[in-house]
Amino acid sequence: MHTTPDTLALIGNTPLVRLRGPSEATGCDIFGKCEYANPGASVKDRAALFIVEDAEQRGMLQPGGTIVEGTAGNTGIGLALVANAKGYKTIIVMPETQSREKMDTLRALGAELVLVPAAAFSSPCHFVHTSRRIADETPGAIWANQFDNTANRRAHIVGTAEEIWAQMDGRIDGFTCAAGTGGTIAGVGLGLKAKDEAVCIALSDPHGAALYNYYAHGELKSEGSSVAEGIGQGRITANLEGAPIDTQFRISDQEGYAWVRRLLDEEGLCLGLSSGINVAGAVALAKHLGPGKRIATILCDTGFRYLSTLYDPEWRQAKGLA
Ligand code: PMP
């Protein structure tokens, strides 16, 4: 056992767990990277730390400065905890459709929370544009810009991908996850391909996102919708540019929720819906690659963040998730 020098050093180096149900269902070994074990309980702590330290290194962020971001919540939580540890303020702009727990967590961390109505990316009210405007108008503020700031995916090239490679002893046949900013899929994809070009990188896209059609047919086009928070992208962000995607699956909320349920009931893991979609994607990738393969995916955040939504039977009924 060893000690950790400070709270920010707790970010990353998460466990990788073999998932029994998905492995038995496919005859493969399917592993989940436990990103809910980060201090902010999600994969986004990594991007938050890299974005803040990149801004510091560029001299853009001065002591006592402010970090502004538009987020589905998890990046905001990561930024707020990094900001607290380093003495910065945070202003977080979030669509009002996100879970109550994320809002409460952000307030508890001391972030200034700005809620905006859900709006199309083309609308000036969209949370990303609102956050950019607030950053422009706030003295001493930076805009974290997680979608197009490639410090985000660097966190996954030098962190997540290296860790997965080491934890799997360099024996990995495939990796899959969904995309929000695309930082995780692109960063882990680039990092693993640099180790072994043969690792199959698969995108698991929720309904309502446009990336499945882009990688399958070269056209950004979305169909259907999803209630999964934090994923579902409609454009090629700077983080997604050059992502080495070999194949793609479209995963429904129902398929994702079925795995959320099984992992909780059979393996004691309480996860969010994007993790379930990733695990359903890993099962699809296992079927695509055939038995005996070793596959990794991302367990993005904790289910405790969704007690008022995904884990509430009335909410599920209202959203058509039996
Ligand atoms: N799952 C959840 C719950 C998230 O908050 C996010 C981040 N938006 C993702 C998955 C996707 O990660 P990325 O932004 O790296 O694509």
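Strand E1 (16–18) and strand E2 (residues 29–34) run antiparallel and are joined by 3 bridges; strands are DSSP runs (E, at least two residues), numbered from the N terminus. Arg18 has Phe31 in E2 as its bridge partner. The model is a predicted one, in which local features need pLDDT of at least 70, side-chain atom pairs count only at pLDDT 80 or more, and totals for chains, interfaces and linings use all residues. Residue numbers start from 1 along each chain as its sequence is written.

E1 and E2 belong to an open sheet of 6 strands with mixed pairing and the order E1-E2-E10-E7-E8-E9, where two strands pair if DSSP finds at least two bridges between them. E1 and strand E9 (247–251) form the edges, each pairing on one side only. From one strand to the next, the twist averages 25°. Helix H10 (residues 273–289) lies across E2, strand E7 (174–177), strand E8 (200–206), E9 and strand E10 (294–299), and runs at about 165° to E10. Such angles run from 0 to 180 degrees between N-to-C directions, with axes fitted to C-alpha atoms, for helices over the stretch in contact; contact requires C-beta atoms, placed from the backbone, within 7 Å.

In total, the protein chain has 11 helices and 10 strands, helices being DSSP runs (H or I) of at least four residues. Its C-alpha trace spans about 55 × 45 × 40 Å along the principal axes. Residues 24 or more positions apart account for 70% of the contacts with a separation of 6 or more in the protein chain.

Conventions: Contact = placed C-beta atoms within 7 Å.
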